[in-house]
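Visitor: I am new to this structure. Could you walk me through it?
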Number of protein chains: 2
Amino acid sequence: MDKEAIVIKMAVSNWQAYVQRTQKLFTELGDEKLLNAIAPGKNRGIYLLGHLTAYHDALVEILGLGTRNYPELYEVFLQNPDRADLPMPGLAQVKEVWYKVHERLDAGFATMQPADWFARHNAMTDEDFDKDPTRNKLNVLLNRTGHLANHYGQLLLLK
Amino acid sequence: MDKEAIVIKMAVSNWQAYVQRTQKLFTELGDEKLLNAIAPGKNRGIYLLGHLTAYHDALVEILGLGTRNYPELYEVFLQNPDRADLPMPGLAQVKEVWYKVHERLDAGFATMQPADWFARHNAMTDEDFDKDPTRNKLNVLLNRTGHLANHYGQLLLLK
């Protein structure tokens, strides 16, 4: 395996490990606990799951893997805080979309060649990328893995 | 910049971003809030800071950068949970050690060549590494960045 392939495998494995930990956690917790706040006055479990689901749905676009499928989740889970008095999908629906979004990402990752991961991500210009070649798709995945780990740590408090 | 150098820069930048976010957070929070629990019955801020500090002190060994400097932190912050009725260093001391540990790591990273990051980490055998070349030092850094992001998300709840 050459170094590019090794690095891509590492980054994808790290991402998938946090996706799987999160799934394991929300399965173990059960619905009642996911409707609780992670701490008094803070986000509820359902909000964090929806937030991650919507954010990861948008990841297909930044990685050039297609168009996001669930734009209706953005207002409630990305553009507004929890308890913003907006209609929110139920937990069963959020979980169903979670699985669909992550299956689609796994399928998309499998089609990507090493050079694709080192190409600029779709939220920046060629000019900026010439100045800073670290702003590639692989870096987006590292960034999203950090974001996921951050919220996974918070969801753990529902245990 | 070749791809190896790009990837190492990405991974180190991601790590440093979370280190800096954590420092900014504990500076902003002030000492009083850091003595609070992140949620009722959960770890206190001081425990999480000590936990990260001790874990990152040990990182020098797994990366082959030297010997850990603060083994006295391990029992209280790694081998035992918060409120285990063990004597705990004060917040001023934990913060001081935090800065020393991360300055030492930054200095160590600066001495590492690309090939060093792709070499096996010091907690595994050559034989296992031959079977799985992703178990290198760079992967340890990705892993520790995820662990840090996880606890950073928890510390944010003290705001």
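A few questions and answers follow.

Guide: Keep in mind that this is a predicted model.

Visitor: What rotation superposes chain A on chain B?
Guide: The shift along the axis is 0.0 Å, and the RMSD is 0.0 Å. That is how a two-fold axis relates two copies. The rotation is 180°.

Visitor: Which residue of chain A has the C-alpha nearest the axis?
Guide: Its C-alpha lies 2.1 Å from the axis. The residue is A:Asn150.

Visitor: What share of the contact residues of chain A recur in chain B?
Guide: The same surface serves both copies. The share is 100%.

Visitor: How many residues are in the largest nonpolar core?
Guide: Some members touch the most other members, among them A:Phe109, A:Trp117 and A:Leu138. The core holds 100 residues.

Visitor: Is A:His151 buried or exposed?
Guide: A:His151 sits in helix H7 of chain A, residues 137–155. Beyond its sequence neighbours within four places, it contacts A:Leu48, A:His51 and A:Leu52. Its relative accessible area is 12%, and the limit for burial is under 20%, so A:His151 is buried.

Visitor: Which side chain does a polar contact join to that of A:His151?
Guide: The contact spans 2.8 Å. The partner is A:Gln154.

Visitor: Which residues does B:Pro133 contact, leaving aside neighbours within four places in sequence?
Guide: B:Pro133 lies in the loop between helix H6 (126–131) and helix H7 (137–155) of chain B. B:Pro133 contacts A:Met1 and A:Ile6.

Technical notes
Residues are numbered from 1 along each chain as its sequence is written. Chains are lettered from A and ligands numbered from 1 in the order in which they are written. This is a predicted model: local features need pLDDT of at least 70, side-chain atom pairs count only at pLDDT 80 or more; totals for chains, interfaces and linings use all residues. Side-chain values use heavy atoms; hydrogens and water are left out. Copies are superposed by least squares on the C-alpha atoms of residues with pLDDT of at least 70 in both. Contact means heavy atoms within 4.5 Å. A nonpolar core is a set of buried Ala, Val, Leu, Ile, Met, Phe, Trp, Tyr and Cys residues joined through side-chain atoms within 4.5 Å. Buried means under 20% relative accessible area, exposed over 50%, partly exposed in between (1.4 Å probe, protein chains only). Helices (H or I, at least four residues) and strands (E, at least two) are DSSP runs, numbered from the N terminus. A polar contact is a pair of N or O atoms within 3.5 Å; within protein, one must be able to donate a hydrogen and the other to accept it, and residues adjacent in sequence count only if both atoms are side-chain atoms.
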